[in-house]
Amino acid sequence: MIKNIGYIVFILLGAACSSEKDEYVPIDKNPKLEFTIPSNFPEPSYNVTLNPPTEKGFELGKKLFYDGRLSSDGVISCGFCHIQDFAFTHHTHIVSHGVNGALGTRNAQPLHNLAFMNEFTWDGAAIHLDLQPIIPITAEVEMNESFTGIIKKLEEQPEYVTLFGEAFEDQKINSENLLKALSQFMIMMISSNSKYDKIERSEGSVFTDNEAAGFELFTSKCASCHEGTLFTDQSYRNNGLPIDPEYNDIGRNRVTGLVSDLYKFKVPTLRNIELTFPYMHDGRLKTLKDVLDHYSDGMIDSETLDPEFKNPDGTIKGIPLTEEEKQQIISFLKTLTDDNFVNDNRFSEF
Ligand code: HEC
Ligand code: HEC
């Protein structure tokens, strides 16, 4: 798999360099799609000019996303684990389920606002969105397929021959175009129409008293990590979960090898959090109440526990909260649900 990634990094970087001089201008029958940055959002991290979403590229990316041909058993598509109703997570299973029922060790992440993220997965193993799908496609416990295998299957489908032909200038069915098409689909998945957004953009909505109290608590106790309008500072932290003896997932340390990164995970966005249960990297907490109980009373100490959760004398402080405060924070978190996004037909399988 490492060899595979190196090869694809190479072709993508190659493509990036050449398209800087000679940017691909979509032809008439394949118009560019409008990539609109919501007014309360920061600039995207994804360089949209290097892979501008087009009508046909998006259509191809969506078809690939929902196609079981990307896996060895012909059944497990990206959409199998990333279900739109739940902001593209999978919660009938705590950890992910791949080909032949193989179990992964992590909880599927939501897919939204990915164009604004710098790194991907719970430990930041993928440093570019175009490279991320290589992990599930080639992982034995996920899709267990190879790019050569997929390309061969796609070449046998006239529909794909036409779509790749229309979507990309070189008309080729290859891994570079496949990954670019998936990214075109995924970067368009912007979730920015929750009640919270409408309040942030002064579009007429107002918080209830409970939500307002929750927002205030959240701002003082949670927003140092779940920061800004994306609700993540994109750093890796240890929030004091007890080590799970079954998986012993070492988190960010897997990527950097640094002892100081043991048991750190990416601070997740909290958008659509009402829909993306169960919670944490291994889905161990079922409800938002469980999450708040963890922050107030459930933390365990370790070398890498975030300093924010410690007292000056080194003992655990956690985030002390009364039951009423927990309910207020939950009310606020529910204002981050974006019904437009989970019902948007552009992203639906059918
Ligand atoms: C077997 C279930 C499964 C399948 C199939 C699957 N994923 Fe995932 N996805 C996951 C899990 C679990 C994670 C978290 C992985 C980790 O942290 O190591 C994830 C993470 C991601 C992320 C990172 C999100 C973020 O915020 O960092 C993206 C993007 C993604 N998947 C896209 C895809 C695409 C595209 C496909 C199809 C090519 C796909 N996934 C197939 C389970 C799956
Ligand atoms: C010091 C940083 C930090 C602070 C402060 C913090 N969190 Fe977190 N939060 C994290 C990290 C890191 C994770 C992921 C941990 C993991 O999965 O191992 C997380 C996970 C979560 C999750 C689960 C998200 C998911 O997709 O599964 C929720 C919900 C959450 N936090 C809410 C809160 C709330 C509410 C507060 C304030 C009461 C808060 N957090 C304070 C760092 C922080």
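Reply: Helices here are DSSP runs (H or I, at least four residues), as are strands (E, at least two), numbered from the N terminus. This is a predicted model: local features need pLDDT of at least 70, side-chain atom pairs count only at pLDDT 80 or more, and totals for chains, interfaces and linings use all residues. Residues are numbered from 1 along each chain as its sequence is written, chains are lettered from A and ligands numbered from 1 in the order in which they are written, and side-chain values use heavy atoms, with hydrogens and water left out.

Me: Which protein donor does the iron atom of ligand 1 have?
Reply: A single one, His82, through NE2 at 2.1 Å. Donors are N, O and S atoms within 2.8 Å of the metal (3.2 Å for Na, K and Ca); water is not among the atoms, so sites may look incomplete.

Me: OK, ligand 2 now. Which residues come nearest?
Reply: Cys222, Cys225, His226, His281 and Tyr295, out of 27 around ligand 2. Being near takes a heavy atom within 4 Å.

Me: And how far is the His281 side chain from an oxygen atom of ligand 2?
Reply: A polar atom of that side chain is 2.7 Å from the oxygen. A polar contact is a pair of N or O atoms within 3.5 Å. For His226, an N or O atom of the side chain is 2.8 Å from a nitrogen atom of ligand 2.

Me: Which element gives the largest share of that shell?
Reply: α11, with 4 residues.

Conventions:
Polar contact = N/O pair within 3.5 Å; in protein donor to acceptor, adjacent residues only side chain to side chain.
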